[in-house]
Amino acid sequence: MAIFQSGSSNQTTRRRSEPASLSIVAGDLEIMGHLETRGVVKVEGRVTGNLTALEQVLVAAGAVVEGDIVTREAVIGGVVLGGIEASERVELLDTAVVTGNIITARLLIHEGGRINGEVMMRQPADPRDVAVAEREQAISARA
């Protein structure tokens, strides 16, 4: 079985019901360059470059991203030196420091979280999608 495959004949598209892939930038790892994924990226180390994830970007406390983040949802606990554009939601934990602009439909800032930039709120593409996502989140939080 091949670990790395190339060519479009081996690629498949992920259905919405399938779990998103998870990529981790470990605490002792520094990546320089643009990162792009269809799934979820968790940064525990340092990324110098733009970061694009179709589903979610997680930046752990103590982690650093020097570049712009583009995603559906971002949860920030570390330092972001660049802008964040999230189509649905941005959450800044109490340890978060963002030096850059944030563009999103929903924003949650925990006490202690800091933003050094502008915040621009925009409407989600379809408000019913956000309502469904909020219900799913509430159900999973109870479990």
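How do strand β9 and strand β11 pair, and over how many bridges? I looked this up first. Strand β9 (residues 79-80) runs parallel to strand β11 (residues 97-98), with two bridges between them; strands are DSSP runs (E, at least two residues), numbered from the N terminus, and two strands pair if DSSP finds at least two bridges between them. Val 79 has Val 97 of β11 as its bridge partner.

A note on the source: this is a predicted model, where local features need pLDDT of at least 70 and side-chain atom pairs count only at pLDDT 80 or more, while totals for chains, interfaces and linings use all residues. Residues are numbered from 1 along each chain as its sequence is written, and side-chain values use heavy atoms, with hydrogens and water left out.

Next, the sheet. I find an open sheet of six strands, paired in parallel, in the order β2-β5-β7-β9-β11-β13. Its edge strands, β2 (30-32) and β13 (114-115), each pair on one side only.

Then I checked Val 80. Leaving out residues up to four places away in sequence, Val 80 touches Val 59, Val 65, Gly 67, Ile 69, Val 97, Val 98 and Thr 99 (contact means heavy atoms within 4.5 Å).

Last, Thr 37. I located Thr 37 in strand β3 (residues 35-37). Is Thr 37 buried or exposed? Thr 37 is buried because its relative accessible area is 18%, and buried means under 20% (1.4 Å probe, protein chains only), with exposed over 50% and partly exposed in between. A polar atom of the Thr 37 side chain sits 3.1 Å from the backbone nitrogen of Gly 39.

Notes:
Helix = DSSP H or I, 4+ residues; strand = E, 2+ residues; numbered from the N terminus. Polar contact = N/O pair within 3.5 Å; in protein donor to acceptor, adjacent residues only side chain to side chain.
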